Amino acid sequence: MDQIAVRAPAKINLALDIKGLQADGYHQLETIMQSVSLCDHIYLKKTNRGIKLTNSVPGLPEDNHNLAYRAAELIFNQYYRNGSIEIHIDKKIPVAAGLAGGSTDSAAVIKGINLLFGLGLDYPQLLELARAIGSDVPFCLKGGTAFAYGRGDQLVQLPDLKKTWLVLVTPPKEVLTAVVYQQYDLIKPELTIPMEDLKGIIKNGQNIYWNEGWNNVLEPVTAGLIGDITEIKEMLKEMGAIFTMMSGSGPTVFGVMPDREQAEQACQKWPRSTDSVFPVYTYKQDFRE
Ligand code: C5P
């Protein structure tokens, strides 16, 4: 086998709380992460010319500022000295949008290189590499539904959610994750998020009543930085969303839709042409130990 294609799904946060600061300066999170069907496609090919990375969209880093490049560098350094690979990223997930686009590409490269080079690394070894790259990369290895804590890299896998249709809306505004967290420290919005109850609902396979406590403590922070969040939430509700929330540090907002038809219709009729809009559904865990 000389080449392999790996799917890299986006993630959203179904709830996100901050419990304090860690000794390393990272924020101590409690969050429920969920993979969705919007995917980048990663093409990996063995070569003999070092690591070469290309993207389908211009303007993205093609050196070790790209988390996918860093994943290849790290795995080769530790497990396959002088490994060479061509990585092509067919980018569908909006960049710097709160959807873990860079992290999921990185996780896909780790899994892909492990298979392509027959390295035989087990999940704990892959997890260690993922943790060294970024906070969201560990979740992206397995995907599905998980409770994440620590800086977001400690995981408790939860049962797969019943297939749920959503609309993702990404406004054309960039917000840097680090800036959102800094701003959070200044504002510290008071929101009560009953995380144990929310986890319990998913664990027991119960129906989710979205308006009961599902919340993201970073949402008022990013909404204060860019105006679009509130407007998008209102528009999603007008289009039939039963619940809306910002994902991660934003600026993507998702709406939970009653069914596929309404999700697709909302995207077709979306009035702001500058937003990126996607009908998606919740994805199951796609990697088992
Ligand atoms: O880990 P990652 O590189 O994705 O994080 C980007 C930035 O977001 C960090 O440098 C940090 O400033 C902030 N962050 C944080 N607490 C977290 C995750 C990220 O403060 N749990």
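These legends describe close-up views of a predicted model.

**View 1. The two domains of the chain.** The chain is split into domain 1, residues 3–158, and domain 2, residues 165–281. Taken over C-alpha atoms, the centres of domain 1 and domain 2 are 22 Å apart.

**View 2. The interface between domain 1 and domain 2.** On the domain 1 side, 26 residues are in contact with 32 residues of domain 2. About 2,400 Å² of area is buried between domain 1 and domain 2, and carbon and sulfur atoms give 71% of this area. The number of salt bridges between domain 1 and domain 2 is 0.

**View 3. Packing of helix H1 on helix H2.** Helix H1 spans residues 67–79, and its axis lies 7 Å from that of H2, at an angle of about 30 degrees. The crossing of H1 past H2 is right-handed. From H1, the contact is made by Leu67, Ala68, Ala71, Ala72, Ile75 and Phe76. H2 contributes Gly102, Ser103, Asp105, Ser106, Val109, Ile110, Ile113 and Asn114. By type, the residues of the contact of H1 with H2 are 9 nonpolar, 4 polar and 1 charged.

**View 4. Packing of helix H2 on helix H3.** Helix H2 covers residues 101–116 and helix H3 residues 123–133; their axes come within 10 Å and cross at roughly 145 degrees. H2 passes H3 in a crossing that is right-handed. Ser106, Ile110 and Asn114 of H2 are in contact with Leu126, Leu129, Ala130 and Ile133 of H3. The contact of H2 with H3 has 5 nonpolar residues, 2 polar and no charged.

Notes: Residues are numbered from 1 along each chain as its sequence is written. This is a predicted model: local features need pLDDT of at least 70, side-chain atom pairs count only at pLDDT 80 or more; totals for chains, interfaces and linings use all residues. Side-chain values use heavy atoms; hydrogens and water are left out. Axes are lines fitted to C-alpha atoms, for helices over the stretch in contact, and angles run from 0 to 180 degrees between N-to-C directions. Helices (H or I, at least four residues) and strands (E, at least two) are DSSP runs, numbered from the N terminus. A crossing is left-handed if the near helix is turned anticlockwise from the far one by less than a right angle, and right-handed if clockwise. Contact means heavy atoms within 4.5 Å. Ala, Val, Leu, Ile, Met, Phe, Trp, Tyr, Cys and Pro count as nonpolar, Asp, Glu, Lys and Arg as charged, and the others, Gly among them, as polar. Domain bounds come from an automatic or database domain assignment. Buried area is the accessible area (1.4 Å probe) that two parts lose on being put together, summed over both. A salt bridge is a side-chain nitrogen of Lys or Arg within 4 Å of a carboxyl oxygen of Asp or Glu.
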